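Please read them alongside the model.

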Amino acid sequence: LYLLSDLRTRNGLGPTLPADRDHSLTGWGMSPRFAALIGRDPTDKPGRDNSSWGASLNANLALSETMNLTSITSFENLDRSEYGDWDSSPSIEADTFFGSLVDVFSQELRLASNADGPLTWVTGFYYSKQDLNERYFSDFSHIYGTYAQVTYDQSVESWSLFGQAEYAFSDRLKAIVGLRYEEETRELQGFGSAFGGATALPPTTVDTEMTPLTGKAALEFTPSDNLLIYGSISRGAKSGGFTTYNTGNRSGIEPFMPEILWAYEVGFKANPTQTFQLNGAAYYYSYTDQQVLSAIWTTNGPVGRFTNVPESHIWGAELEAIMRPAEGLQIGQTLSYKKGEYDDYQTLDVAASRLAWAAVYADKSGDPILFPAWSYSGWISYDWMVSDFAVTAEANYSFRDEYLSWLGPKYDVDSYWLANASVTVGPEPSNWAGAFWVRNLFDQDYDLTRDFFTSADIAQPGRPRTVGIRLSLHY
């Protein structure tokens with residue numbers, strides 16, 4: 001991270017650190033006590049030291065000539081260790097550490113038809129169990145005179161029944177219907193917090209559950225061999241959960257609710273010629289209890305928290321074109337636009353609350369949902385032979401519109417363009433190839449996000465120009 005604004009350290013009683021004028025001039029600093037607490041050296045830079053592994057077993061059994069049974073068993077493990085300096089300075093004002101141990105087991109049984117005919121179907125059962133052991137430590141020594149320790153376990157268990165059927169009324173018209181019923185229980189176990197080593201919230205357990213019925217209904221119409229027109233209505237759900245930041249109050253870990261989405265989409269896929277493909281879609285999303293990152297007021301000021309927006313909607317459209325104007329040459333272009341609005345939403349006004357040093361709420365009903373409206377991307381690739389070697393040159397580029405922040409103009413992220421390129425070479429025929437690639441070809445300065453932590457206004461810079469080589473072997 002780097003500093004967007006001058007940082008008056010130690011609540012204005014310490015030296016003022018000037019804002020960083022160069023995206024590469026990031027800052028950090030860690031106290032010896034915090035380093036010992038998280039098992040790192042005081043001179044360590046912010047960074048990740050994570051490891052994961054997993055295994056899966058897929059088994060398929062032909063029960064008959066018209067029916068197949070599939071079993072998918074998997075296990076995933078993550079050991080996470082991440083140190084971040086969210087004040088982006090040597091001052092100890094917002095240093096953080098995440099230490100996680102995660103195990104996820106899942107089992108799916110799926111029965112599917114395997115026969116010619118107008119009707120095809122699939123049905124099945126899915127089960128998953130997730131176990132998380134988490135440590136979240138923060139050091140605010142130079143601004144609040146304390147450090148925080150949060151520990152908890154979280155267990156998530158879910159099962160579901162699902163089925164989908166497709167029926168072809170003719171060669172030109174097909175209907176698709178699917179349903180899924182799920183039961184999920186999520187329990188935050190033994191959430192406890194301590195400030196300066198003194199207990200603030202003794203181990204507390206809270207839980208939440210959901211039993212959504214989701215599904216999809218769609219029609220696909222093929223008026224000609226090179227045109228598909230479709231329309232669909234879908235209902236989806238996103239799990240509720242907990243905001244597990246520093247808190248000494250049980251209300252801080254009360255769950256936010258599941259998010260429910262009704263999605264309506266129409267579109268087409270067309271191949272007017274063998275060298276040109278055009279796809280387009282328009283959609284409308286209606287949300288109930290949309291999950292957003294907002295803030296709550298505490299004795300130390302505003303603290304980020306996930307909350308629910310009672311009613312909101314998003315609509316948009318996208319267009320994709322793929323062209324093959326010459327042998328070996330492909331060109332792709334995509335353009336999308338989206339817009340959203342809160343229909344019913346009350347939230348904390350962070351700027352006004354800071355000025356009043358008390359909770360001030362704002363009515364956001366009718367306000368736009370803030371995200372980049374326009375996005376554009378494209379790619380060009382060309383394949384040719386040089387002696388006995390196959391060569392592929394590719395370039396891709398993208399545009400992201402400005403991202404206006406709900407925190408105020410200071411935290412708006414400007415629009416930017418990015419370009420990447422690569423050249424891949426390998427003998428033909430062969431099972432290996434080598435590539436040289438460049439990302440952020442023109443070394444564009446851009447920010448991924450902008451935010452604040454305690455008294456620091458910070459930004460996360462995007463990567464500068466990066467070059468590398470890749471060797472691949474297929475066997």
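**Aromatic contacts**

1. There are 25 aromatic pairs in the structure, a pair being two rings of Phe, Tyr or Trp (its six-membered ring) with centres within 6.5 Å; planes under 30 degrees apart are stacked, over 60 edge-to-face and the rest tilted. The model is predicted: local features need pLDDT of at least 70, side-chain atom pairs count only at pLDDT 80 or more, and totals for chains, interfaces and linings use all residues. Residues are numbered from 1 along each chain as its sequence is written, and side-chain values use heavy atoms, without hydrogens and water.

2. F97 and F137 make a tilted pair, with 6.3 Å between centres and 35 degrees between planes. F97 belongs to strand β7 (residues 95-113) and F137 to strand β8 (residues 119-140), 40 residues apart; strands are DSSP runs of E, at least two residues, numbered from the N terminus. Both F97 and F137 are buried (under 20% relative accessible area; exposed is over 50%, partly exposed in between, with a 1.4 Å probe and protein chains only).

3. Y376 and W417 are edge-to-face, because their ring centres are 5.9 Å apart and their planes at 70 degrees. Y376 is in strand β20 (residues 374-386) and W417 in strand β22 (residues 416-427), so this pair ties together parts 41 residues apart in sequence. Y376 is partly exposed at 23% relative accessible area, and W417 is partly exposed at 46%.

4. One aromatic cluster is formed by W86, F98, Y136, Y245 and F453.

5. The charged end of R354 sits over the ring of F452, 3.9 Å from its centre; the criterion is NZ of Lys or CZ of Arg within 6 Å of the ring centre and within 35 degrees of the ring normal. R439 lies over the face of W437, 3.9 Å from the ring centre.

Note on methods:
Helices (H or I, at least four residues) and strands (E, at least two) are DSSP runs, numbered from the N terminus.
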